[in-house]
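Subject: Structure handover

Hello,

Here is the structure for your files. My notes follow below it.

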Amino acid sequence: GLTMNFNVLTVIKNTKFLYHYIAVCFLVVFMFPALAHEHHGTELKAGEPTTDSLFHFQSKWTDQDNKTFQLKDLQGKVAVVSMLYTTCQAACPLTISDMRQIQDQLSASARQKTAFLVFSIDPQRDTPKKLKEVETKYKLDAQSWKLLSSDDDNTRAFAAALGVKYKPIKGGEFIHSNIITVVDANGVIRHQHVGLKKDLVSIVQIVNSLANPTKSTQGSTKK
């Protein structure tokens with residue numbers, strides 16, 4: 001009888017252990033990735049971009065060379081635009097990489113007529129010095145690329161115009177939309193490339209056609 005009771009107790013203990021083991025596995029497999037995405041993930045669903053010209057914005061920005069920039073300065077040029085922050089270690093380097101690939105794949109004439117703009121969503125920390133470090137780190141062509149920062153109000157207003165959403169989280173990180181926006185020579189958004197590690201053929205074709213005066217691409221689209 002004693003042996004049977006002992007065996008029963010052993011089975012019960014083993015069963016409890018098994019349940020605990022299953023519960024831990026469930027947390028690891030299903031819950032932790034979700035928590036990781038919440039705290040270290042970098043994507044929020046994009047909103048709808050404005051249909052107005054971005055040149056209407058009177059906001060002033062400071063570039064990596066500590067020079068003042070306004071959106072109307074782009075007039076006559078096609079622009080490839082993103083919003084990110086310099087201390088980002090996940091999505092932001094991929095966005096810059098995608099933008100560099102777009103630049104590399106443009107025709108020579110389109111490349112001369114296209115600006116590449118990165119606007120910071122972390123203006124408190126992204127000083128011109130920090131922006132310059134990013135330019136150096138990624139070997140960005142200073143004649144074509146501007147890395148820009150302003151104040152919180154201008155940043156929020158511009159993000160809303162692009163449909164970019166962002167939110168600060170613990171540890172000085174942000175979760176944010178991952179969007180590359182194509183703006184035509186009149187400041188109108190003509191295309192948005194949403195997400196990371198996607199085929200760039202379509203956006204390259206659109207930039208090429210907008211930069212080529214004999215062709216045009218109608219409408220604002222998302223891929």
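Which residues does T155 touch, not counting residues up to four places away in sequence? They are W61, M83, S120, I121, P123, S150 and Y166. Contact here means heavy atoms within 4.5 Å. T155 itself sits in helix α5 (residues 152-162). It counts as buried because its relative accessibility is 1%. The cut-offs are these: buried is under 20% relative accessible area, exposed is over 50%, and partly exposed is in between (1.4 Å probe, protein chains only).

**Ground rules**

This is a predicted model, in which local features need pLDDT of at least 70 and side-chain atom pairs count only at pLDDT 80 or more, while totals for chains, interfaces and linings use all residues. Residues are numbered from 1 along each chain as its sequence is written, and side-chain values use heavy atoms, with hydrogens and water left out.

**Confidence**

pLDDT is the predictor's confidence in each residue, from 0 to 100. The chain averages 80, and 74% of the residues score at least 70. Two stretches need care. Over residues 21-42 pLDDT stays under 50, and the model has 21 contacts there beyond four places in sequence. Residues 215-221 also stay under 50, with 15 such contacts.

**Overall**

The chain has six helices and 10 strands. Both are DSSP runs numbered from the N terminus: helices are H or I with at least four residues, strands are E with at least two. Of the 223 residues, 42% count as buried. Among contacts between residues at least 6 apart in sequence, 73% join residues at least 24 apart.

**Strand β3**

Strand β3 covers residues 78-84. Seven of its seven residues are buried, so the strand is largely enclosed by the rest of the structure. V78, V80, S82 and L84 point one way, while A79, V81 and M83 point the other. In a regular strand the side chains alternate between the two faces of the sheet.

β3 has a parallel partner in β4 (residues 114-120), joined by seven bridges. Two strands pair if DSSP finds at least two bridges between them. M83 stands opposite F119 in β4. β3 also pairs with β8 (residues 179-183), antiparallel, over three bridges. There, A79 has V183 as its bridge partner.

**Helix α2**

Helix α2 has 15 residues, 91-105. At 1.5 Å a residue it should span 21 Å, and its end C-alpha atoms are 21 Å apart, which agrees. The expected span is 1.5 Å times one less than the number of residues. Its buried residues are A91, C92, T95, I96, D98, M99, I102 and Q103.

I96 has a relative accessible area of 3%. Beyond four places in sequence, I96 contacts L84, V134, Y138, L140 and W145. Its C-alpha atom is 9.5 Å from that of I180, 84 residues apart along the chain.

Most residues other than glycine have a negative phi. N66 has a positive phi, near 65 degrees. N66 is in the loop between β1 (61-62) and β2 (68-69), and is exposed at 56% relative accessibility. K139 has a phi near 55 degrees, also positive. K139 lies in the loop between α4 (128-137) and β5 (145-148), and is exposed at 69%.

Best wishes
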